[in-house]
Amino acid sequence: LVVTDKVLVELGVVAPVLNALQEAGLSVTVFSEVEPDPTIGIVMAGIEQLRSSGATAVLAIGGGSSIDAAKAMIACHASGRRPKQLDGYFKVGAPVMPFVAVPTTAGSGSEVTVAAVVSDPRAGRKFAIVDNQLVPAAIALDPNLMVGLPARVTAATGMDALTHAIES
């Protein structure tokens, strides 16, 4: 299952990856409903697509939101729990399915963290699912994927990267 957002699909960023996967003989389903600060609802829709697709691995293509949504999806799928039930540390329990990330922005760092941040619009807050298993098994870093992104996305993620550097 490829987890991404509509903008990256429309910009043509996802197509070459899908083509390569299909040329390798893999059956691919795309979940492109991810939005900034993925909500419980988006994660639940993704879990449903993950289950119905019969996928045996997840590939996240995008920024921190796509990567965090994918992490939350694999955590919920493995544990059989809903996102809010995994709020906190080391609650996933069961092994997650193979997970790979292809970041398309500079700044979130989600591809190297143990946390998946999910928004709860009803409570007006965000929470984190934290588990060592949520670090991707592999990461493909290609700076060319950032070329052609909307200027505001490039600027915002660049400031995010600068903020992380200053905080460290």
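In the predicted model, Asp-37 has a relative accessibility of 40% and therefore counts as partly exposed, a class that lies between the limits of 20% and 50%. Its salt-bridge partner is Lys-126, with the closest N and O atoms 2.9 Å apart. Because Asp-37 belongs to the loop between E2 and H3 while Lys-126 belongs to strand E7 (residues 125-130), the pair ties together parts of the chain that are 89 residues apart in sequence. Lys-126, with a relative accessible area of 49%, is likewise assigned to the partly exposed class.

A salt bridge also involves Arg-125, whose side chain meets that of Asp-87 at an N to O distance of 2.8 Å. This pair again links distant parts of the chain, since Asp-87 is found in the loop between helix H4 (64-79) and strand E4 (88-89) and Arg-125 in strand E7, 38 residues apart. Both residues are partly exposed, Asp-87 with a relative accessible area of 23% and Arg-125 with a relative accessibility of 40%.

The loop that holds Asp-37 contributes a further acidic residue, Glu-33, which forms a salt bridge with Lys-6 at 2.5 Å, N to O. Here the connection runs from the loop between strand E2 (30-31) and helix H3 (40-53), where Glu-33 is located, to helix H1 (residues 6-10), which contains Lys-6, and the two residues are 27 residues apart. Glu-33 is partly exposed at 38% relative accessibility, and Lys-6 is partly exposed at 41%. Across the chain, the mean positions of the 11 positive and 15 negative charges are separated by 11 Å.

These pairs are set in a chain whose secondary structure comprises 5 helices and 8 strands, arranged from the N terminus in the order β-α-α-β-α-β-α-β-β-β-β-β-α. Of the contacts between residues at least 6 apart in sequence, 74% join residues at least 24 apart.

As regards overall dimensions, the radius of gyration of the chain is 15 Å, which agrees with the value near 15 Å that a compact globule of 168 residues would have. The C-alpha trace spans about 45 × 40 × 30 Å along its principal axes. Buried residues account for 40% of the 168 residues, and the chain exposes about 8600 Å², of which 58% is supplied by carbon and sulfur atoms.

Terms used. Residues are numbered from 1 along each chain as its sequence is written. This is a predicted model: local features need pLDDT of at least 70, side-chain atom pairs count only at pLDDT 80 or more; totals for chains, interfaces and linings use all residues. Side-chain values use heavy atoms; hydrogens and water are left out. Helices (H or I, at least four residues) and strands (E, at least two) are DSSP runs, numbered from the N terminus. The radius of gyration is taken over C-alpha atoms; the globule rule is 2.2 Å times the number of residues to the power 0.38. Buried means under 20% relative accessible area, exposed over 50%, partly exposed in between (1.4 Å probe, protein chains only). Contact means heavy atoms within 4.5 Å. Accessible areas come from the Shrake-Rupley method with a 1.4 Å probe; for residues, only the protein chains shown count as cover. Lys and Arg count as positive and Asp and Glu as negative; His and the chain ends are not counted. The place of a charge is taken as NZ of Lys, CZ of Arg, CG of Asp or CD of Glu. A salt bridge is a side-chain nitrogen of Lys or Arg within 4 Å of a carboxyl oxygen of Asp or Glu.
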